[in-house]
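This briefing goes through one protein structure, grouped by topic. Please look over the sequence and the model before reading on.

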Amino acid sequence: MKNMEHTLKKGIVWLLGLAFALTLGACDEEYKSPVIPENFTISALSVDITDNVLPLLLGRDTTLQVAIGPDNATNKEVVWSSDDPTIASVSSAGVISALKVGSTQITVKPLVGSATKATQIFTLTVVDQLVPVSSIAIAVDSELGEPEVYVGETLKLKATVNPANATYYKMKWSSSDPTIATVEASTSKNAVVTALKNGTVVITAAATDGSGVTKTISIDVIKSVPAETVTLTAHAYELAIDEIFDIKFSYTPANATRTSIVWESSDEDIMSVKDGVVTVYKEGEVTITATAPGPEEMDDPDVQTMTLKAAVGKYNDTFIPGRASMWQCVTANSTYVVQAADSTMLVTMAASGTNWRGDFKRVPGKTFTFDVSAFPFVALKTNLNRMTGGNKTVDTSYGTWKNTNNNLNSSDQHIATKDGNVVYFADLSLGLRDKPAADLVTNPLISFATNQTFQYKLADFPQGTNPAASGLNTYKVYWFRSFKTKAELDAFLAAE
């Protein structure tokens, strides 16, 4: 009996020891927590709607497809709603029903998440009749002036539909040979052609309203000829803040592709450059680099540089079609327009009694300042010299220049130019009525807020000697600029 008890006790001790050993072994193993899957909400959402407006014929339904990002979004469900369900209702599946004529806002957003980019709102317009497209025209935006594009570059196309009130005006674009050039819609009516290799391709714009109307245009894809050399023309004058300046440059060979030249600015915060066009943002100095790739068979680029400086208080206002103008004619019933042919502002004066008047005012939309210690001479180039009589006055919110009227009429305030025009100039350091010359010595800045005036009063041109039938009620302005000295103005005109 004692032996049996002894045996049992030994067995129990052994089992307890084994259990303890197993427990220690288990503790030595690394503890692994269960994997919790990561959730991704919808961060981007889009519905292919033309110009964010969807027309729908009364009584019809349409189902819209939603593109969702990222692809691994955990919950891809979206919620649809209509601001006015009596005009158009929308189901949870995106089926829109046109119920009565009118417009309402349709919203689609994620069921989970609230990212702004993941919500789209568009206008649903219910119409009671379909106005089909009757014809399509295609215009080309090409620096070559023809429907041509260099290999590796793009060409913009713009379609115009008739009638203008066509219900569905979205175009479907296609290329006859995508290996030569592809085409992709950029807006409802516009497209971008990407040139891939030499050849000719036919681009088709087709109406999507079932009318069957199409329009084609033949595009020539030309092999790009790299520029071997580039020459930059030095610019001796400071640029102005907000100025858009075209660098004068040439390249060889003559048939080289202009856009093969690579442009770079040493400080994009001060000035940027693209295809030789500089945009000035703030005061400072930059180095502009132009690189011609050189002959195709050689790795020998031609690199040329030039230094440009922008200064505060400097003005170089010109008139370029498509660019916002800093000037306008403010006389009632007068008109003004920028002319593409010679990059001038053409002003048509208004009748003022028996005379003509057409005041020319700087209206930049923001505060601007003249620094008369740095650039006191302001000059306006025009063809007013072809008109007889008239009074010409620099006038401001601080009074007239030198506190006198007709202050540009004297012969010592204008210069005849080589091209038969005239430049009227004034030295602002001589003072204005409310800013006399003595005050400008200690405070040389003359600032104009958006509601203040800096203008040329151009009035009292007799209608009798300046008949409208001869076009003598109009004048052109070529530019407005400021200069350090009269000598600098003379040098500029000599070089122009």
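In which strand is the place of Ala290? Ala290 sits in strand β25, which covers residues 284–292. The model is a predicted one.

- Beyond residues up to four places away in sequence, Ala290 touches Val230, Leu232, Ile261, Val262, Trp263, Asp302, Val303 and Gln304.
- Met306 is 16 residues from Ala290 along the chain, and the C-alpha atoms of the two are separated by 8.7 Å.

**Nonpolar cores**

- In soluble globular proteins, nonpolar side chains tend to be buried together.
- The largest nonpolar core has 35 residues, and the members that touch the most others are Phe360, Phe370, Phe454, Tyr456, Tyr475 and Phe480.
- At least two residues of this core come from each of β28 (327–329), β30 (344–348), β34 (368–371), β35 (377–382), β39 (422–427), β40 (445–448), β41 (454–459) and β43 (474–483).
- Another core lies apart from this one; it has 25 residues, including Ala159, Ala207, Val213 and Ile219.
- With neighbours within four places in sequence left aside, the contacts of Phe454 include the aromatic residues Trp327, Phe360, Phe368, Phe370, Phe448 and Phe480.
- Phe454 is also in contact with Val378, Val394 and Thr396, and with the charged residues Lys361, Arg362 and Asp395.

- In β35, 6 of the 6 residues are buried, so the strand is mostly covered.
- In a regular strand the side chains alternate between the two faces of the sheet.
- In β35, Phe377, Ala379 and Lys381 point one way, while Val378, Leu380 and Thr382 point the other way, and all are buried.
- β35 runs antiparallel to β39, and 6 bridges join the two.
- β35 also runs antiparallel to β43, again with 6 bridges between them.
- The bridge partner of Thr382 in β39 is Val422, and the bridge partner of Phe377 in β43 is Phe483.

**Thr382**

- Thr382 belongs to strand β35 and counts as buried because its relative accessibility is 0%.
- The side chain of Thr382 reaches two backbone atoms: the oxygen of Lys476 at 2.6 Å and the nitrogen of Leu384 at 3.2 Å.
- Leaving aside neighbours within four places in sequence, Thr382 is in contact with Asn421, Val422 and Tyr424, and also with Tyr475, Lys476, Val477 and Tyr478.

**Helix α3**

- The buried residues Glu488, Leu489, Phe492 and Leu493 belong to α3.
- These residues lie on the same side of α3, because they cover an arc of only 135° around the axis.
- The buried residues of α3 pack against β35, β38 (414–416), β39 and β43.
- Ala487, Ala494 and Ala495 are exposed, on the face of α3 turned away from its buried side.
- Lys486 and Asp490 are both in α3 (residues 486–495), 4 residues apart, which is about one turn of the helix.
- A salt bridge joins Lys486 to Asp490, with the closest N and O atoms 3.0 Å apart.
- Lys486 is partly exposed because its relative accessible area is 29%, and Asp490 is partly exposed at 32%.

**Other salt bridges**

- The whole structure holds 12 salt bridges.
- Asp246 and Arg323 meet in a salt bridge through their side chains, at 3.5 Å from N to O.
- This pair links distant parts of the chain, 77 residues apart: Asp246 is in strand β20 (residues 244–246), and Arg323 is in the loop between β27 (316–318) and β28.
- Asp246 counts as partly exposed at 38% relative accessibility, and Arg323 counts as partly exposed at 28%.
- The side chains of Asp359 and Arg357 also meet in a salt bridge, at 2.8 Å from N to O.
- Asp359 counts as buried at 7% relative accessibility, whereas Arg357 is partly exposed at 27%.

Conventions. Residues numbered from 1 in each chain as written. Predicted model: local features only at pLDDT ≥ 70, side-chain atom pairs only at ≥ 80, totals over all residues. Heavy atoms only, no water. Core = buried A, V, L, I, M, F, W, Y, C linked by side-chain atoms within 4.5 Å. Buried < 20%, exposed > 50% of the residue type's maximum accessible area, 1.4 Å probe, protein only. Contact = heavy atoms within 4.5 Å. Polar contact = N/O pair within 3.5 Å; in protein donor to acceptor, adjacent residues only side chain to side chain. Salt bridge = Lys/Arg side-chain N within 4 Å of Asp/Glu carboxyl O. Arc of directions from axis to C-beta. Pairing = 2+ DSSP bridges.
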